[in-house]
Amino acid sequence: MEQTGPLQHIVIVGGGSAGWMTAAALAQAVGPACRITLIESEVIGTVGVGEATIPPIRNFNQRLGIDEATFVRETQGSYKLGIQFVDWHHKGASYFHPFGQYGAEFDSVPFYHHWMAGHLAGEIAGPIDDFSMCWAMAKAGKFAHPSPDRRLIQSTFDYAYHFDAGLYAAFLRRYAEHRGVTRVEGRVVDVALRGEDGFITAVALDDGAQIEGDFFVDCSGFRGLLIEEALHAGYDNWQHWLPCDRAVAVPCKRGTFTPYTRSTARAAGWQWRIPLQHRTGNGYVHCSQFISEDAAAETLLANLDGKPLADPRPLRFVTGKRRKFWEKNCVAIGLSAGFMEPLESTSLHLIQYGILRLIALLPDQRMSPLLAREYNAQTAIEYERIRDFLILHYKATARDDGELWRYTADMAIPDSLQYKIDHFREYGLLVADERELFANPSWIAVYFGQGITPRRAPALAAMRSFVPVAERMGAIARAMDEAVAAMPSHGDFIARHCAAPPLAA
Ligand code: FAD
């Protein structure tokens, strides 16, 4: 007889960031109407990185009713206004990818059209970074919340967080357990499939326990224990576009407490620097074809702010995505769904959107295959858009000092990205649709930062010569200076609102 009615028991396999974010959000969404069990194995552990985020994470926390100050305090967190990219276009060059717009709108033509027209005409000398409120704050080491008053320049920026991934999972675990999620410690050693349709009926643990469920979320990390090993969903390998496949990570004593992430290009990849309250997170993402793990670790250790606090930890991955994210009665969320390297801090975001999409399309026991189809279509598009944005960083480089950069500068890129670059290069227009995660300012930052300059500015800007552009831009620059001068330093802001207690010795 066909099963009907709401789901009775959702089983989540994996207790990294993906598992606990899923458990917390599902518990909040379904309440006591459905049992939720999370299985994790302390012996296997988690990937343990994933410390930088992008602004939508704030919506996730708000939806869960999480107080920001508590969250920052409990995760040793800090604020992030964007990413500084150092040496990406060529050694010695740097630019900032901000969370927020450039300048402020003062005409029917967007600010950046006027800026571009002035810049290409040689009337504006500096980079577009000069009109980013985020960068103005970031380089001064300042932080304050944006103003809700849209007339003020202080409303033109957005922000995200840096935090300790392990503490974030622990924080969400407390949240989820408090709302009825049952945690089971154990290693999944077998997955039982129903004979007639191949749906998962239960997972078996190493102690012999069987955990039955009617819906399963695979948060087991790169392996994809359910989605791949049991259900063979397949994987689209994107290493020909995103060739980095290793990282070494090491925390170190805190240096300058910047309210932004730094990404520094190196000969065979790039190094991240993420300041938290109790330490700075660092890692060298690299391509194993062009550098050994030992050499990457040596480079990383030679480029830290302070004393390393642990041994460098190697991580391996294959960039790409699962061919089907939802197969039968199982959805993959987190690294089990795919991984596109941490360059723009998009993994936790993909987890967040995977969860929200799952909640929006939550099945009942009939498990209509249409739900899976829609979930897979939406998720694939999201991955592909992010993929193209990441590829842009590697493709548009003038570096010639390493095999990696020579390869990426020459590589063929997806048509979807080439189309965007062609439009921008020809006349400075941004081709985007409303589902794009990275909005216009992000593309502008990376295009200009990576040396893609339009041949001419969009036509309309030249027709509006009656607009006092120079005067307006001058006023914007002055307003930015005044606003930044009045803000507290990043450290003072945290000390006042959300300082974490000192760590036990
Ligand atoms: P994991 O952390 O690997 O967790 C898997 C879970 O499954 C664990 O609890 C494990 O015990 C459990 N498990 C596995 N097998 C079994 C089994 N047989 N039985 C029971 N349990 C099992 N993301 C960002 O957003 N920002 C960043 O700055 C960022 N930096 C990154 C840097 C690197 C080098 C890498 C590799 C990733 C980075 N990420 C980043 C991605 C981010 O770390 C992950 O997306 C996030 O941590 C989620 O991981 P996960 O929970 O899917 O997997």
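Biologist: By class, how many nonpolar, polar and charged residues are in the lining of the second largest pocket?
Modeller: Quick caveat: this is a predicted model, where local features need pLDDT of at least 70 and side-chain atom pairs pLDDT 80 or more, while totals for chains, interfaces and linings use all residues. Residues are numbered from 1 along each chain as its sequence is written, and side-chain values use heavy atoms, leaving out hydrogens and water. Nonpolar covers Ala, Val, Leu, Ile, Met, Phe, Trp, Tyr, Cys and Pro, charged covers Asp, Glu, Lys and Arg, and the others, Gly among them, are polar. On that scheme the pocket lining has 12 nonpolar, six polar and four charged residues.

Biologist: Which residues lie nearest the centre of that second largest pocket?
Modeller: A pocket here is an open set of points on a 1 Å grid over the protein atoms alone, with protein on both sides within 12 Å along at least five of seven lines; lining residues have an atom within 4 Å of a point. Both β5 (94-98) and α13 supply at least two residues of the lining (DSSP runs numbered from the N terminus: helices H or I of at least four residues, strands E of at least two). The lining holds 22 residues, and nearest the centre lie Phe99, Gly100, Gln101, Asp158 and Pro441.

Biologist: And how much space lies in it, that second largest pocket?
Modeller: Volume is the space filled by probe spheres set on the grid points, which are joined across faces, edges and corners. For the second largest pocket that comes to about 490 Å³.

Biologist: Turning to cavities, what is the volume of the largest cavity?
Modeller: A cavity is a set of points where a 1.4 Å probe fits but cannot get out. The whole-structure search turns up three cavities of 30 Å³ or more. The largest one has a volume of about 60 Å³.

Biologist: Which helix gives the most to the lining of the largest cavity?
Modeller: The lining residues include Leu350, Ile351, Gly354 and Arg357, along with Tyr375, Thr379 and Tyr383. Sorted by class, the lining has seven nonpolar, three polar and one charged residues. At least two residues each come from α9 (347-360) and α10 (369-395), but the top contributor, with four residues, is α9.

Biologist: Are α9 and α10 roughly parallel or roughly antiparallel?
Modeller: Their axes come within 11 Å and cross at roughly 160°, with axes fitted to C-alpha atoms over the stretch in contact and angles running from 0 to 180 degrees between N-to-C directions. Contacts (heavy atoms within 4.5 Å) bring His349, Tyr353 and Leu358, among others in α9, against α10 residues including Gln378, Glu382 and Ile386. Under 35 degrees counts as roughly parallel, over 145 as roughly antiparallel, 65 to 115 as roughly perpendicular and the rest as oblique. The pair is therefore roughly antiparallel.

Biologist: How are α4 and α15 set relative to each other, roughly parallel or roughly perpendicular?
Modeller: The axes of α4 (residues 111-120) and α15 (residues 469-485) come within 11 Å and cross at roughly 110°. Phe111, His114 and Trp115 in α4 meet Val469, Met473 and Ile476 in α15, a contact with five nonpolar, one polar and no charged residues. The two helices are therefore roughly perpendicular.

Biologist: Which helix gives the most to the lining of the second largest cavity?
Modeller: That cavity has a volume of about 40 Å³. Its lining includes Lys420, Leu429, Asn440, Trp443 and Tyr447, and by class has six nonpolar, one polar and one charged residues. The biggest share, three residues, comes from α13.
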